[in-house]
Amino acid sequence: MMRTAVPPVACVGEPRLTAGFAEYGRLDLIAHEEVHGPIGPMEPAQLLRLAEGMQLKGKGGAGFPFARKLRAVLESCERQDLAAVVVVNATEGEPASWKDKVLLTRAPHLILDGAALAAYALDADEIVIGVADDGVGRDSLMDALDERRMPVQTTIVTVPHRFISGEGGALVNGINGLPHIPPGTKKRSSDSGVSGLPTLLSNAETYAQLAVGARLGPYEYAALGTDDEPGTVLLTVTGAAGRPAVVECTAGMPLRDVLDLCEVPDVQGILMGGYHGKWITPEAAEKAEVSRKGLAAVGGTLGAGIIVPLGVDTCPLGEAAQVVRYLAGESAGQCGPCKMGLPDLARAVDLAVAGSQPADVVRAAAGEVKGRGACSHPDGTARFALSAIEVFAEDLRLHSTGDGCGRRVKGVMGLPGAPDANPQKLTLDWSRCDGHGLCAHVVPDFIRLDANGYPAFPATPVPTWLREGALKAVKVCPELALRLAKAE
């Protein structure tokens with residue numbers, strides 16, 4: 001999917017967030033009130049009871065209980081005698097995700113309703129909505145703000161469309177005028193967030209679900225879904241799907257129903273939860289239910305509701321390697337596990353795909369970053385890489401022979417930008433190389449020295465984010481043994 005057009009929307013079961021889409025397309029304020037009905041403000045205790053009764057959890061990926069966030073901000077405001085700020089995270093930095101942008105472009109008033117409910121209950125001074133600079137949804141949101149009166153000042157802040165910019169701490173930093181990267185140390189926005197004030201920060205879909213629940217009440221809201229996870233779920237289905245779409249479905253519904261709706265053909269694996277998610281096998285997909293608990297039972301994760309099925313004609317490990325390289329390039333570059341560990345993990349995956357290193361090297365590289373980063377980016381990247389080598393173990397065995405699996409990398413993972421129009425790889429003239437080792441010092445993320453002191457690097461194309469370093473390595477080679485050539 002290109003990020004210039006919002007994908008189709010489909011529904012399995014009763015529509016809630018997507019109600020009225022078929023009749024109105026985008027719901028302006030009049031259509032919104034006709035479809036969803038009126039909504040009134042709530043006192044803090046009333047909103048807390050609603051969030052607890054709905055068992056509302058964050059829809060951005062982590063699944064943190066919304067009521068606990070709300071209570072933490074209320075207590076922080078009282079303890080510090082400070083006003084609150086409500087922040088809506090609609091940045092959706094993951095390229096494979098579209099659900100929040102669908103809400104921005106077609107149901108912006110649901111998001112604003114939820115934010116207004118929270119702002120009134122907290123007696124907040126301000127609402128801030130973070131959106132990406134790709135332009136998708138911003139105009140629709142501005143039109144919605146022009147159509148209505150919000151209870152407090154409401155502003156839109158644009159952040160760079162990068163994977164890491166969607167992290168909560170990075171969004172707060174960006175709003176505060178700092179670089180759009182996570183803070184170097186972990187801190188709670190409920191204590192000190194925007195302008196140093198207690199901040200309620202949650203995902204756009206979370207606020208939209210809150211608005212739906214406020215109208216229905218917790219009991220009617222729970223008429224759909226499971227006992228543990230009532231309500232509906234928004235999913236982005238891409239990859240090998242014949243009909244890519246954003247799908248609203250009832251929590252607990254068989255995953256197979258969603259795959260059939262999106263015309264997903266035979267697959268060799270499905271990525272659940274996005275680039276920080278996990279792969280599951282086709283067999284697991286047949287048993288899976290769309291819920292956090294149901295997907296965890298088959299080794300997957302719901303995450304931010306991203307589903308990327310992989311067709312049988314695509315090299316799964318090559319596709320996974322592209323994502324790991326992308327994630328390494330998306331590092332904030334402020335802590336060792338991200339700055340050094342992720343490029344090392346990307347290199348280990350590349351070497352395993354090339355058949356020149358065993359899977360144990362990938363496991364070791366992943367172990368070096370897990371649990372050690374300033375944010376969850378290293379953990380999520382390691383989880384993705386480890387899941388790939390586990391689910392595609394047979395393909396990895398075929399790659400270990402050096403011949404590969406016989407399938408090509410088609411670039412179906414939804415990575416941003418066009419495919420590399422001029423892929424290049426390093427070659428070495430062994431008759432010239434004297435093992436000076438200068439090249440490994442220039443670009444250690446891609447070139448290492450073997451036990452004999454000679455350069456070793458993957459046979460795969462040099463990642464675009466390491467291309468400049470590879471060119472420098474070629475220039476410093478005193479024997480002119482290293483070259484950068486077009487990859488076939």
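Leu47 touches Met42, Leu70, Leu117, Ala118, Ala121 and Leu210, leaving aside residues up to four places away in sequence; a contact here means heavy atoms within 4.5 Å. The structure is a predicted model, in which local features need pLDDT of at least 70 and side-chain atom pairs count only at pLDDT 80 or more, while totals for chains, interfaces and linings use all residues. Residues are numbered from 1 along each chain as its sequence is written, and side-chain values use heavy atoms, without hydrogens and water.

Leu47 is one of the residues with the most contacts inside the largest nonpolar core, which has 57 residues. A nonpolar core is a set of buried Ala, Val, Leu, Ile, Met, Phe, Trp, Tyr and Cys residues joined through side-chain atoms within 4.5 Å. Buried means under 20% relative accessible area, with a 1.4 Å probe and protein chains only. Among the elements that each supply at least two residues of this core are helix H3 (44–54), strand S2 (85–90) and helix H9 (204–221). Helix H6 gives the largest share, 10 residues. A second, separate core of 41 residues includes Ala96, Val362, Ala385 and Met413.

The protein as a whole contains 19 helices and 14 strands; these are DSSP runs, numbered from the N terminus, with helices (H or I) of at least four residues and strands (E) of at least two. Its radius of gyration is 24 Å, close to the 23 Å that the globule rule gives for 488 residues, so the protein is as compact as a globular protein of that length. This radius is taken over C-alpha atoms, and the rule is 2.2 Å times the number of residues to the power 0.38. Buried residues make up 55% of the 488 residues.

How values were computed. Buried < 20%, exposed > 50% of the residue type's maximum accessible area, 1.4 Å probe, protein only.
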